[in-house]
Amino acid sequence: MDETQRERFEQIYLRNQTPVMQSVERCVFGCDYGATSWANREEADRLVALLELAPGVRLLDVGAGSGWPGLYMAGASGCDIVLVDVPLAGLRIAAERAVRDNLPGECWVAAADGAKLPFGDASFDAISHSDVLCCLVEKRAVLESCRQVIRPGGRMVFSVIYVEPGLSPGEHRRAVDAGPPFVETETEYPALLADTGWKVRDERDMTEEFATAVLQKLQAEKGQRDELESLIGAADFSDLHKSLELRYRAAADRILRRSLFVTVPA
Ligand SMILES: C[S@@+](CC[C@H](N)C(=O)[O-])C[C@H]1O[C@@H](n2cnc3c(N)ncnc32)[C@H](O)[C@@H]1O
């Protein structure tokens, strides 16, 4: 992760702890961890079930941000959890929240690159990452590194935003401009997963839920316009809203897609 991206996420994680941002997050996602992915509470509950989380299961959440949805899943299931990300501001918030929530299982927080996970082979029963691969360049290396640390019979479930394949150059550009910073892929995810030693058990299309969440965020933020403008300034508020509107239109037109992949080691 380069410095610009790290600083951008550091700022977002700090800002997301303010009361106004927490109120928007509760309204749109049903949580207040400082989420930057598009996973809502229903999706987090689905992840708990798909990953078969329970006391004694060890979960790795890659690109864990400030603890969403990893800490929530650990609290709901009683599993042990390791949170990994690069921006320290997010990890500090997550570590404090883990203590405050008095989680039933063990919780560790590590500053590490998801492309070079600092764990032994087969260390984890379950792996999750929410909209992380679309925020980094080294998608293949992250999937390979995850493959190395999952135990035989373990599972990895993750969401990712991507550009609908086969679009005209103009529509492709519109989807890329509306997506997260590294939304483009040289290889589509099913092929990339096969190349990196993963078998896809299921791919759930979450595009409609994604479009709904973007629209809800737009509406919730408009409702808090004055507070948000005093937090980030009128110009930044307007820029953020223009990009959210582009994102909503691209998702509603299904040129920007979001999927939840359920995978196991091949
Ligand atoms: C969309 S955010 C999701 C964060 C959090 N899981 C959530 O749902 O709010 C993507 C996260 O991926 C992290 N990330 C990007 N590149 C990474 C890398 N090479 N290794 C680990 N994490 C990375 C970012 O720092 C960011 O926190």
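**A buried strand residue, then helices and ligand**

Analyst: This is a predicted model. I161 counts as buried, because 26 C-beta neighbours lie inside 10 Å and the cut-off is 20 or more.

User: Where does I161 lie?

Analyst: In strand β5, residues 150-163.

User: What does I161 touch, leaving out residues up to four places away in sequence?

Analyst: D131, C134, G179, P180, V183, L256 and R258.

User: And how far is I161 from F210 in space?

Analyst: 9.2 Å, C-alpha to C-alpha. In sequence, I161 and F210 are 49 residues apart.

User: Switching to T185. Where is T185 found?

Analyst: T185 is in the loop between α7 and α8, the latter being 189-195.

User: Why does T185 count as partly exposed?

Analyst: T185 has 17 C-beta neighbours inside 10 Å, so it counts as partly exposed. Beyond four places in sequence, T185 is in contact with K139, Y162 and L192.

User: How far apart are T185 and L71?

Analyst: 29 Å in space, C-alpha to C-alpha, and 114 residues in sequence.

User: OK, helices. At what angle do α7 and α11 pack?

Analyst: About 130°, with the axes 8 Å apart. α7 covers residues 169-178 and α11 covers 234-252. The two helices are therefore oblique to each other. Their crossing is left-handed.

User: Which residues make that contact?

Analyst: From α7, R174, A175, D177 and A178. From α11, L246, R247 and A250. By class, the contact of α7 with α11 has four nonpolar, three charged and no polar residues.

User: What about α9 and α11, how do their axes cross?

Analyst: At roughly 155°, and the axes come within 9 Å. That makes α9, residues 207-223, roughly antiparallel to α11. The crossing of α9 and α11 is left-handed.

User: Which residues of α9 and α11 meet?

Analyst: On the α9 side, T207, F210, A211, V214, L215, K217, L218 and E221. On the α11 side, H241, L244, E245, R247, Y248, A251 and A252. By class, the contact of α9 with α11 has nine nonpolar, two polar and four charged residues.

User: Last topic, the ligand. Which residues come nearest?

Analyst: S37, G63, G65, G114 and L136, of the 25 residues around the ligand.

User: What's the make-up of the shell by class?

Analyst: The shell around the ligand has 15 nonpolar, seven polar and three charged residues.

Key:
Residues are numbered from 1 along each chain as its sequence is written. This is a predicted model: local features need pLDDT of at least 70, side-chain atom pairs count only at pLDDT 80 or more; totals for chains, interfaces and linings use all residues. Axes are lines fitted to C-alpha atoms, for helices over the stretch in contact, and angles run from 0 to 180 degrees between N-to-C directions. Helices (H or I, at least four residues) and strands (E, at least two) are DSSP runs, numbered from the N terminus. Angles under 35 degrees count as roughly parallel, over 145 as roughly antiparallel, 65 to 115 as roughly perpendicular and the rest as oblique. A crossing is left-handed if the near helix is turned anticlockwise from the far one by less than a right angle, and right-handed if clockwise. Two residues are in contact if their C-beta atoms, placed from the backbone, lie within 7 Å. Ala, Val, Leu, Ile, Met, Phe, Trp, Tyr, Cys and Pro count as nonpolar, Asp, Glu, Lys and Arg as charged, and the others, Gly among them, as polar. A residue is near a molecule or strand if its C-beta atom, placed from the backbone, lies within 6 Å of it. A residue is buried if 20 or more other C-beta atoms lie within 10 Å of its own, exposed if 12 or fewer, and partly exposed in between; C-beta atoms are placed from the backbone.
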